[in-house]
Number of protein chains: 2
Amino acid sequence: MDTAAARRRFESSPIARLATVRPDGAPHVVPVVFAVSGDHVYTAVDHKPKRHQRLQRLANLAFEPRCSLLVDHYDHDWSQLWWVRADGVASIVDDPAQGSEGRRCLTERYPHYHDASPAGPLIVVEVRRWAGWDAAA
Amino acid sequence: MDTAAARRRFESSPIARLATVRPDGAPHVVPVVFAVSGDHVYTAVDHKPKRHQRLQRLANLAFEPRCSLLVDHYDHDWSQLWWVRADGVASIVDDPAQGSEGRRCLTERYPHYHDASPAGPLIVVEVRRWAGWDAAA
């Protein structure tokens, strides 16, 4: 699967899984909503109040900025399976006044953000490699 | 979400995402089909011939056996979102004559395995922690 095809399929999903590494060296993975612009993937920490304002994913990325994002498609017919992975390096934009491009992309993509655009920390992943697999290919 | 509820929801999905750590310390994530028995999660490397017989996930787990498995549910209505994560330690059973419990569980769960039960390396994850999040809770 070439890079353009991988990116298109990645963008077709409303959800991806963000894999990071904990400071103790164990892996961690959470689902995220996201937006893609070129080789940048944006995801924001919810604006809703959280018990833990500083989430594990943020602590992990501060320790190890390399991360991996996965989109996959399951079907009972296994010849229809595919997945796309974006490996990259993350930076965290804490200031709600910054990261406007990412916040705009997220707000455009998810109507949920129309009333309250994502004001929490923004994760900006610079994708270094798009990889994909398609059972039918 | 208590452990029993987390395990039930995890089992309700035909697919999970397996997060591991590469020998160079970067995270890695792939979708997997799986079966659960108590606090063990089983997943097998496909019996179909692969270009890379020794997959990245196996190399990663040989280096760092800690891993994390994620099941999530997306809905346009964000009050319906939930996810469950199983953090554990993996061992790899290379011998097709071993790991019969795991291979049996996988074959029971996926009709695709009825004709050819999973004969490749079996990954056995001993789950140390079931964690979950439910937007509606």
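This is a predicted model: local features need pLDDT of at least 70, side-chain atom pairs count only at pLDDT 80 or more; totals for chains, interfaces and linings use all residues.

Student: Ok, and where do Arg104(A) and Glu108(A) lie?

Tutor: Both are in helix α3 of chain A, which covers residues 100–109. They sit four residues apart, about one turn of the helix.

Student: Is Glu108(A) buried or exposed?

Tutor: Glu108(A) is exposed, because its relative accessibility is 57% and the cut-off for exposed is over 50%. Arg104(A) comes out at 40%, so it counts as partly exposed.

Student: Which residue does Arg9(A) meet in a salt bridge?

Tutor: That's Asp134(A), at 2.9 Å from N to O. This pair links distant parts of the chain: Arg9(A) belongs to helix α1 (residues 3–11) and Asp134(A) to strand β7 (residues 122–134), 125 residues apart.

Student: And why does Asp134(A) count as buried?

Tutor: Because its relative accessible area is 19%, and buried means under 20%. Arg9(A) has 25%, so it is partly exposed.

Student: Let's hop to chain B. What does Arg17(B) pair with?

Tutor: Arg17(B) has a salt bridge to Asp72(B), with the closest N and O atoms 3.6 Å apart. Here too distant parts of the chain are linked, since Arg17(B) is in strand β1 (residues 16–21) of chain B and Asp72(B) in strand β5 (residues 66–73) of chain B, 55 residues apart. Arg17(B) is buried at 4% relative accessibility, and Asp72(B) is buried at 12%.

Student: Which residues are linked with them in a network of salt bridges?

Tutor: The network joins Arg17(B) and Asp72(B) with Arg17(A) and Asp72(A).

Student: What about the area buried between chain A and chain B?

Tutor: About 3000 Å², with 67% of that coming from carbon and sulfur atoms. In terms of contacts, 33 residues of chain A meet 33 residues of chain B. There are also twelve residue pairs in polar contact between the two chains.

Student: Which elements give two or more residues to the side of chain A that touches chain B?

Tutor: Those are β1 (16–21), β2 (27–32), β5 (66–73) and β6 (82–93) of chain A. That side of chain A has 18 nonpolar, six polar and nine charged residues.

Student: Can we look at one residue that touches chain B? Say, Tyr74(A).

Tutor: Good pick. Tyr74(A) is in the loop between β5 and β6 of chain A. Leaving out residues up to four places away in sequence, Tyr74(A) touches Leu81(A) in its own chain, plus Pro14(B), Ile15(B), Val33(B), Tyr110(B) and His112(B). The Tyr74(A) side chain also makes a polar contact with the side chain of Trp78(A), at 2.9 Å.

Methods:
Residues are numbered from 1 along each chain as its sequence is written. Chains are lettered from A and ligands numbered from 1 in the order in which they are written. Side-chain values use heavy atoms; hydrogens and water are left out. Contact means heavy atoms within 4.5 Å. Buried area is the accessible area (1.4 Å probe) that two parts lose on being put together, summed over both. A polar contact is a pair of N or O atoms within 3.5 Å; within protein, one must be able to donate a hydrogen and the other to accept it, and residues adjacent in sequence count only if both atoms are side-chain atoms. Ala, Val, Leu, Ile, Met, Phe, Trp, Tyr, Cys and Pro count as nonpolar, Asp, Glu, Lys and Arg as charged, and the others, Gly among them, as polar. A salt bridge is a side-chain nitrogen of Lys or Arg within 4 Å of a carboxyl oxygen of Asp or Glu. Buried means under 20% relative accessible area, exposed over 50%, partly exposed in between (1.4 Å probe, protein chains only).
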